[in-house]
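These are my notebook entries on one model. I record what I looked up and the criteria I applied.

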Amino acid sequence: MFALARGGMTLFEVVLAVAIFLGAWTALSQLYSTGARASVQARHEVDAVMHAQSRMAELAAGVLPLEAMTDQPFDDPDLAAWTWSTTVGPGPHADLLAVEVTVRREGSNSMARASYSLRRYVRDPQLFLDAAMQAAAVSEE
């Protein structure tokens, strides 16, 4: 029979192809934007965990005093947006203290904010000091 020869694309096919391309481009750009925001927030959350663990290790080692503090800045100038707080209370046993470290990063928007709290039981350093003083007093006698 008759064969219809097509020489090119119709205007409808071009408009349809452009519409599909723009729709896909919009969806992909939204996915990229969402991924970038999630990446920044995840980085801040990981930093908060690392700073809280570091501060807790300093408290447990006796580098910092085991006392309640609120919104203390970090010594490092690169951490100017970060603050830390501690609460110290009695633990479940007489020789344990419940220490909680909270690290916060304040920012201008929700994407720049992060917070993490770490709770740990630490032996009361005053018990070691009392035992050392008693041992010294006994050895002097």
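**Entry 1: helix and surface patch**

I looked up Leu22 and found it partly exposed, with a relative accessible area of 48%; buried means under 20% relative accessible area, exposed over 50%, and partly exposed in between (1.4 Å probe, protein chains only). The model is predicted: local features need pLDDT of at least 70, side-chain atom pairs count only at pLDDT 80 or more, and totals for chains, interfaces and linings use all residues. Residues are numbered from 1 along each chain as its sequence is written, and side-chain values use heavy atoms, with hydrogens and water left out.

I placed Leu22 in helix 1 (residues 11–61); helices (H or I, at least four residues) and strands (E, at least two) are DSSP runs numbered from the N terminus.

I then noted that Leu22 belongs to a nonpolar surface patch of about 870 Å², together with Met9, Leu11, Val14, Val15, Val18, Phe21 and Trp25. Patches take residues with over 30% relative accessible area and no salt bridge, nonpolar side chains (Val, Leu, Ile, Met, Phe, Trp, Tyr) being joined within 5 Å and like charges within 9 Å. A salt bridge is a side-chain nitrogen of Lys or Arg within 4 Å of a carboxyl oxygen of Asp or Glu. The areas come from the Shrake-Rupley method with a 1.4 Å probe, and for residues only the protein chains shown count as cover.

I traced an open sheet of four strands in the order 1-2-3-4, with antiparallel pairing. Strand 1 (69–73) and strand 4 (114–123) are at the edges with a single partner strand each, so one side of each has no neighbour in the sheet. The twist averages 20° from one strand to the next. Two strands pair if DSSP finds at least two bridges between them.

I listed the bridges by pair:

- Strand 1 and strand 2 are joined by three bridges; Gln72 has Trp84 as its partner in strand 2.
- Strand 2 and strand 3 are joined by nine bridges and form a hairpin with five residues between them. Gly89 is partnered by Ala98, and Thr83 stands opposite Arg104.
- Strand 3 (residues 96–105) and strand 4 are joined by 10 bridges, with Val122 as the partner of Leu97.

**Entry 2: packing**

Is strand 3 enclosed or open? Eight of its 10 residues are buried, so strand 3 is largely enclosed by the rest of the structure.

I found helix 1 lying across strand 2 (82–90), strand 3 and strand 4, at about 25° to strand 4. Contact means heavy atoms within 4.5 Å. Axes are lines fitted to C-alpha atoms, for helices over the stretch in contact, and angles run from 0 to 180 degrees between N-to-C directions.
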